[in-house]
Amino acid sequence: IFDLVNEIDGAPGTELAKQQLVHDMVDLFIAEAPGAKLTVGVQNFHDLKYWTHLPDRYRDKPVEFMMSFHLYEDVDNLPKASQLNLPANTEVAITEADPTKNMGDIVHKAAADGYDGMLFWTDSSHPYQPSHHRQVLQ
């Protein structure tokens, strides 16, 4: 999966200019890496609406899309994946989930609510610890 632009929502420029940038990037992937799975990681599930046109726009092209958004709020506030108004058969993942919150509860709730994937962010203040993640997710 290639994240074309991380949190483009906060970037300068008009929405039209941002969409054109993403369209240009998608066209490049179609030419250079046909069959790639692409996403545009947005700050929250509300901002998915700016990118739900991508699967239809590129319906007959050799490219796949996964919608993805970052989880900075309580997982209990999220709608079920089926309630997000996404095009049929479009995968959706939660990305940049906070590793300081209860990871096990977040993963189990997201899976139960129909999300196709999840990533937790890491940095120097929250380093990746496989043993901790295994323990939490059991």
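**A walk through a predicted protein chain**

Asn-85 is exposed, because its relative accessible area is 70%; exposed means over 50%, buried under 20%, and partly exposed in between, with a 1.4 Å probe and protein chains only. You will find Asn-85 in the loop between β3 and β4 (91-97). Its backbone deserves a look too: phi of Asn-85 is near 60°, a positive value in a residue other than glycine. Asn-89 lies in the loop between β3 and β4 as well. With 82% relative accessibility, Asn-89 also counts as exposed, and its phi is near 65°, again positive in a residue other than glycine.

Before going on, a word on what you are looking at. This is a predicted model, in which local features need pLDDT of at least 70 and side-chain atom pairs count only at pLDDT 80 or more, while totals for chains, interfaces and linings use all residues. Residues are numbered from 1 along each chain as its sequence is written, and side-chain values use heavy atoms, leaving out hydrogens and water.

Now step back to the whole chain. The protein chain has four helices and five strands; these are DSSP runs, with helices (H or I) of at least four residues and strands (E) of at least two, numbered from the N terminus. Starting at the N terminus, the order of elements is β-α-β-α-β-β-α-β-α.

How does the radius of gyration of the protein chain agree with that of a compact globule? For 138 residues, such a globule would have a radius near 14 Å, and the protein chain has 16 Å, which agrees. The radius is taken over C-alpha atoms, and the globule rule is 2.2 Å times the number of residues to the power 0.38. Along the principal axes, the C-alpha atoms fill a box of roughly 40 × 35 × 30 Å. Of the 138 residues, 40% count as buried. Contacts (heavy atoms within 4.5 Å) show how the chain folds back on itself: among those between residues at least 6 apart in sequence, 72% join residues at least 24 apart.

The structure holds four aromatic pairs. Rings of Phe, Tyr and Trp (its six-membered ring) pair if their centres lie within 6.5 Å; planes under 30 degrees apart count as stacked, over 60 as edge-to-face and the rest as tilted. One of these pairs is Phe-45 with Phe-69: the ring centres are 6.1 Å apart and the planes stand at 70°, so the pair is edge-to-face. Phe-45 sits in the loop between β2 (37-42) and α2 (54-57), and Phe-69 in strand β3 (residues 64-70), so this pair ties together parts that are 24 residues apart in sequence. Phe-45 is buried, with a relative accessible area of 14%, and Phe-69 counts as buried at 0% relative accessibility.

Phe-69 has another partner. With Tyr-115, Phe-69 forms an edge-to-face pair, 5.9 Å centre to centre and 70° between the planes. This pair links distant parts of the chain, since Tyr-115 is in the loop between α3 (103-112) and β5 (117-120), 46 residues from Phe-69 in strand β3. Tyr-115 is buried, with a relative accessible area of 9%. Taken together, Phe-45, Phe-69 and Tyr-115 form one aromatic cluster.
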